Amino acid sequence: MSNNKEPKAASTKISKKLHTDEKSDNYFIVGIGASAGGLSALESFFSGMPADNFINMAFVIVQHLDPNHKSFLTEIIQRYTSMKVYEIEDAMQAQLNCVYIIPPKYGLRMSHRVLYLVEATSERKQYLPIDLFFHSLANDQLSHAIGVILSGTGHDGTEGIKAIKEAGGLVVVQSIESCEYDGMPSSAIATAIVDDILAPNEMPRQLMNYLSGTFKSNAIARPITHDDTLKKIFILLESQTNHDFSMYKQSTMLRRIERRLAVNNMNDIVKYYQYLQENKNEVQLLFADLLIGVTSFFRDKEVFLSLEKNAIPKLFSEKSSSDSIRIWIPGCSTGEEAYSIAILIAEYMQKIKQFFTVQIFATDIDASAIATARAGIYPLGIATNISQARLKHYFIKNSDNYIIHKNIRDMLVFSLHDVVKDPPFSRLDLISCRNLLIYMNVELQQKLIFNFHYALNMDGVLLLGSSETLGELTNLYTVLDSQSKLFQCKKNFDSTRRRMINQFTSMSQFYKSTELAHKLIPSVKLPLGELIENAILEQIAPAAALVNDQGNILYLYGEMDMYLKLPSGDINKSNILKMAREGLVTDLTIAFHKAKINKQIVRVYGLKVKKNNHFTITNLTIRAVTFDSSLNSEQSLYLILLEQDLCIEKKQLVENVSSTIDQTLSNEKLQIKELKKELQLQKEFLQDANNQLEISNEELKSYNEEIQSIIEEFQSTNEELETSKEELQSVNEELSTVNSELNMKVMDLSRSNNDINNLLSGTGIGTFFVDHRLRILRFTPAVTRIINLILSDIGRSVEDIASKIVGYNSLAADIQTVLDTLVNKALEVTTIDDKTYMMKIQPYRTLENVIEGAVVSFIDITEMRNTREELKKANKLSRLATVVRDSSDAITVEELNGKIIAWNPGAQKLYGWSEDEALNMHAKERIPLELYEKEANKIRELSASTVLEAYKTKRLCKDGAIVEVHIISSALKDNDDNIYAIATTERLLKKAKE
């Protein structure tokens, strides 16, 4: 069940205010319908926008979406336009230069430029969201509605563009060659009401041209001053189409011409007239626009309910089974309304269980519309306007369309007819002329309404459109239903007609003196000829029979009882050759076969037809009936005319000829007797053959009935399969849309994945992912330096994977702990190649904050480790340096060659040399000359051990004094255990004499 939400009061007030505040002339709303393959078309459409992406329109995208899948269309479209893109929320105001996208599970309606969401029907085959929105768009925006049909299967949108076209809006359809799926565009193009057929990237530029053309034409055409040009256009139309539009409402004609100006990007009606003169195709396009051929089945359901209740029973109330029901539908367009009325008639006859001859004349001036109506083939979209029961009973469904049933089609005769200048039909029980008079001026309206009154029988019914009235002729009709515009002829019709004929025949001064008479005079002249024809036919029309090529009677006219032995019961099963009276059988049979073989008119004069011992001299004429080529009938029909010969001279001639024949017969009696005997044998043989043929026909008829039964079963099965196919097709459309969106997301994810892989590879961080069962899901190349992983290890447990980590065997246990506690874990591990890594284990969280495993990453911190160790060494040296600096003893460091490389403040205080001076000195400069050899021996001793025991010696001071000191010497070694320097700690014992 659909939930049609009514606009909230507050929202309505706001929207009405916006309606009045905004300038309606520059506010256009573009409805875009798409289905399978529509995503790429939408991308192309918005990619074709001008550089600034602003064309002063609002765009509403309605696409077939899977109700169970989230749509990404909003974020996808946003990439191709700088306009703001919104997913529609209920009661959202449509603003210019914005894009609105329908969400899944909803239909869409518009009222006062406010978008209202409607819960989608649960039945996929009845879900036509594009038609639903286009109808409401047309009702709300009228001529400022624009409908765009893009790629898709099915027919959704076809009925919707008809409403937009009727409202005066623009319809643009994607070209077939640019479609991925051409179902929806083909169905729309078949309506012949499409303004432009373009590739999606060409549409925005055309919309801008249309918008600018509309503004310009509105600016110059509203105060129209080109009356002469307008008349010239009407004359040009009449010369090429044979239809006069000069008596149509000027405002209506101007609106349609303005629309053609906008489509052709023109702003001057004079230039447009010149364009029409040069381009005959544009004349036909303007003609098609002026016709406004938009209709639908059971349009305005309340009107048809009233027609069914208040009018149709009256058509049958005083009819006998031999009478016929005659109905005329002028301006029938593509026939939907005519077939709708035929269905109501058929239903009523089934209801009362009586069947009448029904003739429905449906006429229009549009040849293409009449051709469509004659074919009786309509798109699947009509299912939205027709109940399932009626579809089943009155239509035959195939994969692409509905075909009207033969028993309904046989009620109708479609023909080209100009209601303005052609004579009306006569003796009618019902005329349905809806929404045709509103386009005509008052004078023409009154003329046609009077013509209708003349054409209707007494108590006949007239149905007009919701905006049409009787005007000054209300005295000719009685109101049956004012709301539905149902009227009935008054019963004084015959006297009114006689008075009208007498007065116009004598050119009564009374009518000349009234304005109404001037309006009626031209409308009466044509019916007079028909009156004369009817009177003549009643006096001299021959008896006639319409038969098929087997001689079976289809229709009888006149007094056929004089010539045929009419049986009781169903006359449709009678054969004229078997029913012919004596004197007619032989010549009728021979003439009928001649007419069939030669395809020519066959005439036989002076037949003596016997009835009740009375002979009637009769003339026989047989001729083939020629069909309109558009009817495509495969059966040949023949008209048999039987006319009594009233010419006395011809009767006498016949008698004289008869007497002559009798004399000849008497002279050749023996020969004739033999011939009669032979003829009798031939007749008996033919009779036997005929009997056998009838038996064979009966058998074939029985077989045919069985085959028909099988066909009906197959038809029922086919209908079920078609229903399943429709549902599958709807699912396929939704899946195609979802697939397109998912393909776009896959491309995005692929790009993101490539970015992440490059990022991880660039940083050198080794990472692997595991699920809840500790199985490897994915890993980066860098992790293979730490864990022995190859591609075939994906899916294996971490416990089964060997690693290069030294002294660490609890990887699986630590990962499980993190999964259990959701607390991150980090520790340093070292591999067998002396590399150190920071290993981090943390839960793997989705965007919805769901834990789906763990992530283990390894960051190489080997350089950090080495740096840290060096820092430790430096810290130690720093602390040692502090001790050395603050020590009161003299601490020095000398290379093996005697160069001083370290000199603390204690040494400076003891010996007098500053640090800078000492670092440029040699050790022997501080040793008294007599002790130099002894000190050299001490160094040699030091090479054998790291530390020498303390000993006493003497050293020189800067001032030349010699001091006695206590020295401890230590050897400094590098990583290879080689002595590279000597450190000494020297303490003053006493100062010696200089």
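## Basis

The model is predicted: local features need pLDDT of at least 70, side-chain atom pairs count only at pLDDT 80 or more, and totals for chains, interfaces and linings use all residues. Residues are numbered from 1 along each chain as its sequence is written, and side-chain values use heavy atoms, with hydrogens and water left out.

## The chain as a whole

The chain holds 29 helices and 36 strands. Helices (H or I, at least four residues) and strands (E, at least two) are DSSP runs, numbered from the N terminus. Of the 994 residues, 44% are buried. Buried means under 20% relative accessible area, exposed means over 50%, and partly exposed lies in between (1.4 Å probe, protein chains only).

Accessible areas come from the Shrake-Rupley method with a 1.4 Å probe; for residues, only the protein chains shown count as cover. Among contacts between residues at least 6 apart in sequence, 63% join residues at least 24 apart. A contact means heavy atoms within 4.5 Å.

## Nonpolar cores

A nonpolar core is a set of buried Ala, Val, Leu, Ile, Met, Phe, Trp, Tyr and Cys residues joined through side-chain atoms within 4.5 Å. The largest such core has 49 residues, and Phe-245 and Tyr-477 touch the most other members. Elements that give two or more residues to this core include helix H8 (227-241), helix H10 (269-278), helix H17 (442-455) and strand E17 (428-433). H17 gives the most, with six residues.

Leaving aside neighbours within four places in sequence, the contacts of Tyr-477 include Ile-449, Phe-452, Leu-462 and Phe-487. A second, separate core of 46 residues includes Phe-304, Ile-327, Ile-382 and Ile-408.

Ile-269, Tyr-272, Tyr-273 and Leu-276 are buried in H10. They lie on the same side of H10, because they cover an arc of only 105° around the axis. The arc is that of the directions from the helix axis to the C-beta atoms. On the other side of H10, Lys-271 and Glu-278 are exposed.

## Salt bridges

A salt bridge is a side-chain nitrogen of Lys or Arg within 4 Å of a carboxyl oxygen of Asp or Glu. The whole structure has 16 of them. One joins Glu-159 and Lys-162 (3.5 Å, N to O); both residues lie in helix H5, three residues apart, about one turn of the helix.

Lys-319 and Asp-429 meet in another salt bridge (3.0 Å, N to O). Lys-319 lies in the loop between helix H12 (301-316) and strand E11 (324-330) and Asp-429 in strand E17, so the pair ties together parts that are 110 residues apart in sequence. Lys-319 is partly exposed, with a relative accessible area of 24%, whereas Asp-429 is buried, at 7%.

## A surface patch

Leu-700, Tyr-703, Ile-707 and Ile-711 form a nonpolar patch on the surface, with about 410 Å² of accessible area together. Patches are made of residues with over 30% relative accessible area and no salt bridge: like charges are joined within 9 Å, nonpolar side chains (Val, Leu, Ile, Met, Phe, Trp, Tyr) within 5 Å. Leu-700 lies in helix H24 (residues 669-763) and counts as exposed, at 54% relative accessibility.
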